Amino acid sequence: MQIPLDKICVKSGILCPNCQAKIDKGLYEKWEIDIMKALVELEDKIKGLKDVNYKKSIIFDKKLYIILENLGSHRHELEKYLKEKLNNFGFDRIVLIDYVSSPKELIYKLLKNVEIKSTNIYYSPDGSIYYVVKIPSYEKHKVDEIGDSTKRIFKILTKNDIYYEFIDSPKTKILNDEEKIEQHIDVNQLDKLLKQI
Ligand SMILES: [Zn+2]
């Protein structure tokens, strides 16, 4: 487990000047030390956490979001143990987020169950950058649920804003294999019929 503070400082709770400076600068909140500590302690329990890299934790709406890089296949195991370890903190839920450095990819990860039509980057004259995410209006109920936390996490990680734009779009029907074959047969039959005329 890679963490931005010294493991010895996190484990003992006594911070060296270097680690203290990172907290004082606001790079990490004081309570994040407890999260880092829990993660480091899990190294003995879960094998292969060596490359997992702690980025940040965010509390939003009584949920704890832990953003980790190279999470790989450890999500479920980590989530299970963290739930046990952190249950006295009183979070409704612990959500692990797989960090990626590309902002667009990050949007897709954060909105992973939402259908996204497009993501575009815009540069304001004042120098700020924001992203407009186009989503079909029939997905709005999902964005109502996770849209605000996504905006917040994205802002903290990239310093940029997200705007959602809901567009009217007919639901695209995804054909299963059987339907595809049926459609194929129909086309063939139509072709034959046309030739007979
Ligand atoms: Zn230190």
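Biologist: Which residue in β5 stands opposite tyrosine 123?

Modeller: Isoleucine 129 in β5 does. Keep in mind that this is a predicted model: local features need pLDDT of at least 70, side-chain atom pairs count only at pLDDT 80 or more, and totals for chains, interfaces and linings use all residues. Numbering starts from 1 along each chain as its sequence is written.

Biologist: How do β4 and β5 run, and how many bridges join them?

Modeller: Antiparallel, with 6 bridges between β4 (residues 118-123) and β5 (residues 129-136). Two strands pair if DSSP finds at least two bridges between them. Strands are DSSP runs of E, at least two residues; helices are runs of H or I, at least four, and both are numbered from the N terminus.

Biologist: What about the hairpin? Which glycine has a positive phi there?

Modeller: Glycine 127, near 95°. The hairpin has 5 residues between the strands.

Biologist: And what does β5 do with β6?

Modeller: β5 and β6 (residues 161-167) run parallel, joined by 7 bridges. The chain gets from β5 to β6 through helix α6 (residues 140-158), in a right-handed β-α-β crossover. Right-handed means that, with the strands pointing away from the viewer, the path from the first strand over the helix to the second runs clockwise. Lysine 134 stands opposite glutamate 165 in β6.

Biologist: Switching topic. What is the strand order in the open sheet of 3 strands?

Modeller: β1-β2-β3, with mixed pairing. The edges are β1 (53-60) and β3 (93-99), each pairing on one side only. β2 (residues 63-69) pairs with β3 in the parallel sense over 7 bridges. Leucine 64 stands opposite isoleucine 94 in β3.

Biologist: Now the largest nonpolar core. How many residues are in it?

Modeller: It has 27. A nonpolar core is a set of buried Ala, Val, Leu, Ile, Met, Phe, Trp, Tyr and Cys residues joined through C-beta atoms within 7 Å. Buried means 20 or more other C-beta atoms within 10 Å of the residue's own; exposed means 12 or fewer, partly exposed is in between, and C-beta atoms are placed from the backbone. Those with the most contacts inside the core include Met36, Ile66 and Leu110. β2 gives the most, with 5 residues.

Biologist: Why does this core lie between domain 1 and domain 2?

Modeller: Because domain 1 (1-99) and domain 2 (101-189) both give residues to it. Those bounds come from an automatic or database domain assignment.

Biologist: Last one. How many residues of helix α2 are buried?

Modeller: 0 of its 8 residues (17-24), so α2 is hardly covered. Glycine 26 follows α2, with a positive phi near 85°.
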